[in-house]
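Open the model in your viewer and keep the sequence panel beside it. The stops below say what to select next and what is there.

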Amino acid sequence: MGECWGAGTATFMILGNICTRSCQFCAVATGRPLPADLKEPERVADAVSLMKVKHCVITSVDRDDLKDGGTSIWMETVRAIRRKSPGTTLETLIPDFKGEPELVAKIVEVHPEVVSHNLETVRRLTKQVRVQAKYDRSLSVLKMLKDAGMHTKSGIMLGLGETKEEIIETMDDLAGVGVDILTMGQYLQPTPKHAVVQQFVHPDVFAELREIALTKGFRYVESGPLVRSSYHAEKHIF
């Protein structure tokens with residue numbers, strides 16, 4: 001699955017379209033995924049080459065059913081893109097891989113320009129919104145990546161019922177593990193079965209939060225109602 005965002009940037013989701021988790025903000029189907037497709041890395045690399053993608057964001061469903069969390073497919077996808085499009089820069093938007101250091105290390109091994117893992121929401125709402133995920137586990141993954149020398153990125157959604165104080169606490173937590181890039185956008189409810197929007201945050205509030213975040217030491221901050229993980233992703237290479 002791929003999406004093109006213009007200016008030579010595209011996003012591809014690998015490892016199928018069925019997730020083993022049931023996050024309350026996400027419209028991806030939950031269930032038992034099909035076996036991993038070993039030919040997928042080459043197909044993604046072919047598409048990146050054909051589209052002449054300058055900056056490629058790779059993401060995936062969670063694959064808790066696989067012993068390696070799908071990291072072998074992740075690695076081969078990055079390597080295939082490097083072979084066929086050596087000028088393309090890469091961001092990997094990864095799951096938490098259950099926080100297992102040896103799996104996180106597999107992403108470090110292929111050294112994408114940016115590694116992203118979204119915290120998604122504040123600590124208080126994590127169990128409700130992300131269900132099988134853990135706030136501190138996500139922070140530990142981001143710390144592992146930073147300690148290994150990666151440029152790191154994370155994002156949160158606003159409008160789920162969080163307070164300004166909780167947002168700032170989340171900023172501090174992300175800055176504390178060395179995250180370089182922060183994105184903040186408005187949560188939109190994908191279906192009636194998903195978490196309900198509690199508030200539509202005014203653009204002025206997003207602008208204020210951006211200024212606060214910049215004082216925390218983040219190198220880049222994208223903050224606005226329309227911001228998503230891939231928003232202006234090509235600008236986050238440094």
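Predicted model: local features only at pLDDT ≥ 70, side-chain atom pairs only at ≥ 80, totals over all residues.

**Around strand β6**

β6 and strand β7 (residues 114-116) run parallel and are joined by three bridges. Now turn to the other pairing of Leu93, which is the bridge partner of Thr59. Strand β5 (residues 55-60) pairs with β6 in the parallel sense, over five bridges.

Is β6 enclosed or open to the outside? Four of the five residues of strand β6 (residues 89-93) are buried, so the strand is largely enclosed by the rest of the structure.

Helix α2 (residues 71-84) forms a right-handed β-α-β unit with β5 and β6. Helix α3 (residues 101-110) forms a right-handed β-α-β unit with β6 and β7.

**Trp74 and Phe97**

Stay on helix α2 and select Trp74, which is found there. Its relative accessible area is 0%, so Trp74 counts as buried. Show what surrounds this side chain: beyond its neighbours within four places in sequence, Trp74 is in contact with residues including Ile58, Thr59, Thr92, Leu93, Phe97 and Ile107. Ile14 and Leu15 are also among the contacts of Trp74. Trp74 and Ile14 are 60 residues apart in sequence, and their C-alpha atoms are 7.9 Å apart in space.

Phe97 has a relative accessible area of 4%, and because buried means under 20%, it is a buried residue. Look at its backbone too: phi of Phe97 is near 50°, a positive value in a residue other than glycine. Most residues other than glycine have a negative phi.

**Two helix pairs**

Select α3 again, this time with helix α5 (residues 135-147). The axes of α3 and α5 are 10 Å apart, and the helices pack at an angle of about 45°. α3 and α5 are therefore oblique to each other. α3 passes α5 in a right-handed crossing. Show side chains at the contact: Pro101, Val104 and Val108 come from α3, and Val141, Met144 and Leu145 come from α5.

For the second pair, select helix α6 (residues 164-176) and helix α7 (residues 203-215). They pack at an angle of about 35°, with their axes 10 Å apart. The crossing of α6 and α7 is right-handed. On the α6 side, Lys164, Ile167, Ile168 and Met171 meet Glu208, Leu209, Ile212 and Ala213 of α7.

Go to strand β8 (residues 152-158) and select Lys153, which is found in it. Is Lys153 buried or exposed? Lys153 counts as buried because its relative accessibility is 1%, and the cut-off for buried is under 20%. Now display its contacts, not counting residues up to four places away in sequence. Among them are Val114, Val115 and Ser116, and residues 114-116 make up strand β7. Glu91, His117, Leu142, Ser229 and His236 are also among the residues Lys153 touches.

The last stop is His232, found in the segment after β10 (220-223). Phi of His232 is near 55°, again a positive value in a residue other than glycine. The relative accessible area of His232 is 29%, so His232 is partly exposed.

Technical notes
Residues numbered from 1 in each chain as written. Heavy atoms only, no water. Buried < 20%, exposed > 50% of the residue type's maximum accessible area, 1.4 Å probe, protein only. Contact = heavy atoms within 4.5 Å. Pairing = 2+ DSSP bridges. Right-handed = clockwise from strand over helix to strand, strands pointing away. Axes fitted to C-alpha atoms, helices over the stretch in contact; angles between N-to-C directions. Parallel < 35°, antiparallel > 145°, perpendicular 65-115°, else oblique. Left-handed = near helix turned anticlockwise from the far one by under 90°.
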